[in-house]
Amino acid sequence: MKKIIYSLVLVFTLAISANTVSAADKKDRKEMTAEQQVQLQRITNRVEEIKAMDKSNLTKVEKKELKNELKEMKKQARAVGGGVYLSVGAIIIIILLLILIL
């Protein structure tokens, strides 16, 4: 009996503290503007350039700068592209619910 209670408390705690982003309705979703598409294409091209680079002859500082640049571009792409993101807590709750149902 205690296991069931502890499990329920854990699920409710995770449900309350989970920072989930709910999916927007299809009618509320806006299309990307031409500027956003150009910016996203520019980010994609730069990422492809970085992937194609020979990083073996770069210094440690240059590699760190590339890594930071990729992180910034990832943040920008997420901001421009939008999307649905789930937190770790939400994923755990979904898995627990699937286990309980099945």
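Student: What pattern does the chain follow along its sequence?

Tutor: Read from start to end, this predicted model follows the pattern α-α-α-α. The secondary structure comes to four helices and zero strands.

Student: What makes the contact between arginine 46 and glutamate 49 a salt bridge?

Tutor: The cut-off is a Lys or Arg side-chain nitrogen within 4 Å of a carboxyl oxygen of Asp or Glu. For arginine 46 and glutamate 49, the closest N and O atoms are 3.2 Å apart, so the pair qualifies. Both residues lie in helix α2 (residues 34-52), three residues apart, about one turn of the helix.

Student: Why is lysine 75 called exposed, while glutamate 72 is called partly exposed?

Tutor: Exposed means over 50% relative accessible area, and buried means under 20%. Lysine 75 has 55% relative accessibility, so lysine 75 counts as exposed. Glutamate 72 has 43%, so glutamate 72 is partly exposed. Salt bridges that share partners also join Arg46, Glu49 and Glu69 into one network.

Student: How do you know that the buried residues of α4 line one face of the helix?

Tutor: The buried residues of α4 are Gly89, Ala90 and Ile93. Seen down the helix axis, they fall within an arc of 100°, so they line one face. The face turned away from that buried side carries the exposed residues Val88 and Ile99.

Key
Residues numbered from 1 in each chain as written. Predicted model: local features only at pLDDT ≥ 70, side-chain atom pairs only at ≥ 80, totals over all residues. Heavy atoms only, no water. Helix = DSSP H or I, 4+ residues; strand = E, 2+ residues; numbered from the N terminus. Buried < 20%, exposed > 50% of the residue type's maximum accessible area, 1.4 Å probe, protein only. Arc of directions from axis to C-beta.
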